[in-house]
Structure formats: structure tokens, C-alpha cells
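This report describes selected local features of one protein structure. The sequence and the model are shown first, and the description follows.

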Amino acid sequence: MKTNYFTALIFLFSITIWSQEVAKEDYENNGLKGDLRVHDPVMIKAGDSYYVFGTGIAAKKSTDKITWKNDKGVFPKGAVLDWWKKDIPEQKGVLWAPDIHFRNGKYHMYYSVSAWMNFNSSIGYATNVTLDKNNPDYKWEDHGQVISFKNGGEGVNVIDPNVFVNSDGRVWLLYGSYQQGLRLVELNSKTGKLLDEKNPQLIKLTSHLGEGVFLIKGPEYYYIFASRGICCKGNDSNYQIVMGRSKTVEGPYLNKEGESWVEDHYSLFLAGDEQEPGRGHNGFFEENNTTYIVYHAYTRSAEGKSLLNIKPLYMTTDQWPSIEPTSTLFPMDKFQKKVFIGK
């Protein structure tokens, strides 16, 4: 697994440089078209527009969820904040795998701060009151570090944040990657930082499994997703998405056989195929009672480049999410829906 991860880091370094520049190639992919090159996508709606953010903290914008074009990113190209450099001296302005949600009148962006071949990683936090770059109030305000390799768990690579807002008002941060796995910690709903700054109470989700973790809530279960396999080798990738579920947000999360994610047991959700050999690092989005999975896929027709995919999510009769159509769309918890629509 270490060999795969180091290979991934090398490729991530190159794609983050690309992702901060305007892609000049347009593609068509599963009904989508335009500037589709992306890595580690998450999606949100603001006003009449949809936004996808990915590694590089670059943005893509659409008015119909079909045709996408590049839009202004969160930080100016080449910017390096003082705390990034102080925390990780090798940091050169390349940021990874963000997450975004809407809460209390603001857009909350959590992002990964790391460096090539460096596991001393941190998660940063920024907010904005609008995503419309033409709005005079458009301004990203950075709030600094949320958690790092120093307090995020021994040996844990503190990247790939996902924030989950529960119906009881509690806010949770999920993060981690290969090496020592995934973790969960509670945030202060007012500050957006750790609930316990001095002694954060970390919950182990996996021992080694996965990266790109994401949590959603259905009628009865919390569902967790992560990616595994080789992610960043174009057509030689075998990236895939796995899943588990729990009755409580703290877990433990179990696979279909009732085995625990803490022991790195999982159920397969989405694997690659001949046309898209690697699929992974997903987010979710909800609108008009339809939940969408948003992910990147290494695409053979695009010479192995990583392209955006957006597909509806369904529910099976035994209450497991499915990308294969069933008679029931995935019924996302009504409280959680609010974080995907900025109003």
C-alpha cells in the first residue's frame, strides 16, 4: 500500500500544478461536457449556479449541472499563507482535496495542506459569504489550521477533510488517508475549529483503509464512503469506492457482512471498468429529492485523464446505497440537504 500511495503523491503533485491553471481541453463524458478535468471533486449550489471544487482548490461552474467551465479558485495562484509555511516548510501553495458546505449564512471550505512526499499534513479552513466572484462581498477569509499531524493521531496523514453536519446541530470532521487510516473528530459549530482544542477526542474509523472519506445520512443509517486502490496512474489506475454504515455518527461502521471498518472491512460500492479503469474520491450533492454522487474517473477515451462524473444515487431494498438504478432514489436526511444549497 505504501508503494501505491507514494506513486499517488508523485502524480498528485503534477495534477495540482495543472489544476491551478485553466484547462484548455473540452470533453464529453456521461452526459457532461466542457472543462471536465478534475481531481477529488465536491459540489455545491449557490444561487442559480453549481460549483465543483477539487484538488488545487480550483473551481468549475455550471448553470445546468451539464456544461462546466473553469471559474475563480479560492486562493490566488501561487499564494502561500504564512501558517502553511510555518507548519509545513515544504509547502509551495499546492493544496489538495477540499470540502465545502453551507451553514449559518456562510460557505465553509476545509482543505488539505501538505507537500510532495511529506506526511506532515494539516487541514485548513476558510469562509465566504458568496461564491459569485462578481459579487462585491466575494472574499475568502482564511481561519488557519483546524488540525494537523501534531494532534490528528499518531501516524495519521491529516488530509482529505469532509465535514458532516448532524440533525442535532453537532458538526463533525472526517479526515485521513493510507498509513494509519481515517479519523472522526467533533468541531465547534460556532468557530468551525476543534471542539476541544487542547485534547481533541479522536474516533478511529479505519486502521489503514482508504482516503477521500465522505459521510451522508439516510432515513435510518449513516453511510460512509472512502476510496482504495491505485489512484493516480491514468489508465493503469484501479481506484474504487467502498462503503459501510452505522446507526450512530460515531460508528462503528460495518460492511454488508457486519464486519467493522475499524478492521478495514468494507463493501464495494463502485469499481472501474474497461472505459473508466479507476473511479474514486467522491463527494455527494442533493437537490430536488435527488442525491448525486460526484467523483473523478480515469477515462480511457481521454487518454487516462481524470474527468468529472455526476450520477444519481439509489437505494436497494436492504437499505444500501447503489449507483445502479432501483425503484427508489436515495432518501437523504432532510436536515443534511441544507448544506448543499446556499440559501
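Where is the place of Asn 30? Asn 30 belongs to the loop between β1 (27-29) and β2 (32-34). The model is a predicted one, and in it the phi angle of Asn 30 is near 50 degrees, a positive value in a residue other than glycine. The relative accessibility of Asn 30 is 47%, so this residue counts as partly exposed.

A positive phi, of about 65 degrees, also occurs at Lys 65, which is not a glycine. Lys 65 is placed in the loop between β5 (58-62) and β6. Its relative accessibility is 15%, and Lys 65 therefore counts as buried.

## Contacts of Asp 64

Asp 64 is likewise located in the loop between β5 and β6. With a relative accessibility of 36%, Asp 64 counts as partly exposed. Two polar contacts of its side chain can be described. One, of 2.9 Å, joins the side chain of Asp 64 to that of Ser 62. In the other, a polar atom of the Asp 64 side chain lies 3.0 Å from the backbone nitrogen of Thr 67.

Asp 64 can also be placed relative to Tyr 50. These residues are 14 residues apart along the chain, and their C-alpha atoms are separated by 7.5 Å. Tyr 50 itself takes part in an aromatic cluster, in which ring pairs link it with Phe 285, Tyr 292 and Phe 340.

## Aromatic pairs around Phe 75

The structure contains 15 aromatic pairs. One of them is formed by Phe 75 and Trp 84: the ring centres are 5.2 Å apart and the planes stand at 90 degrees, so the pair is edge-to-face. Phe 75 has a relative accessibility of 18% and therefore counts as buried. Trp 84 also counts as buried, because its relative accessibility is 0%.

Phe 75 forms a further edge-to-face pair with Tyr 111, with 5.4 Å from centre to centre and 75 degrees between the planes. Phe 75 lies in the loop between β6 (67-71) and α2 (82-87), whereas Tyr 111 lies in strand β8 (residues 106-115), so this pair ties together parts that are 36 residues apart in sequence. Both Phe 75 and Tyr 111 are buried.

## Charges over rings and a buried asparagine

Which ring lies under the charged end of Lys 217? The ring is that of Tyr 222, and the charged end of Lys 217 sits 5.1 Å from its centre.

Asn 166 is located in the loop between β11 (162-165) and β12 (171-177). A relative accessibility of 5% means that Asn 166 counts as buried.

## A cis peptide bond and a buried glycine

The peptide bond that joins Gly 251 and Pro 252 is cis, with omega at about 5 degrees. Pro 252 is found in the loop between β17 (240-246) and β18 (267-270).

Another loop, between α2 and β7, contains Gly 93. The relative accessible area of Gly 93 is 7%, so this glycine is buried. Its C-alpha atom is separated by 16 Å from that of Trp 140, a residue 47 positions away along the chain.

How many cavities of 30 Å³ or more does the model contain? The count comes to four. The second largest cavity has a volume of about 70 Å³.

The lining of the second largest cavity consists of 14 residues, and those nearest its centre are Val 42, Pro 98, Pro 161, Val 213 and His 281. The elements that contribute two or more residues to this lining are β7 (95-103), β15 (211-217) and β19 (278-287). By class, seven of the lining residues are nonpolar, four are polar and three are charged.

Note on methods. Residues numbered from 1 in each chain as written. Predicted model: local features only at pLDDT ≥ 70, side-chain atom pairs only at ≥ 80, totals over all residues. Heavy atoms only, no water. Phe/Tyr/Trp six-rings, centres within 6.5 Å; stacked < 30°, edge-to-face > 60°. Buried < 20%, exposed > 50% of the residue type's maximum accessible area, 1.4 Å probe, protein only. Helix = DSSP H or I, 4+ residues; strand = E, 2+ residues; numbered from the N terminus. Lys NZ or Arg CZ within 6 Å of the ring centre and 35° of its normal. 1 Å grid on protein atoms, 1.4 Å probe; cavity = no way out; pocket = protein on both sides within 12 Å on 5 of 7 lines; lining within 4 Å. Points joined across faces, edges and corners; volume = space filled by probe spheres on them. Nonpolar A, V, L, I, M, F, W, Y, C, P; charged D, E, K, R; others polar. Polar contact = N/O pair within 3.5 Å; in protein donor to acceptor, adjacent residues only side chain to side chain.
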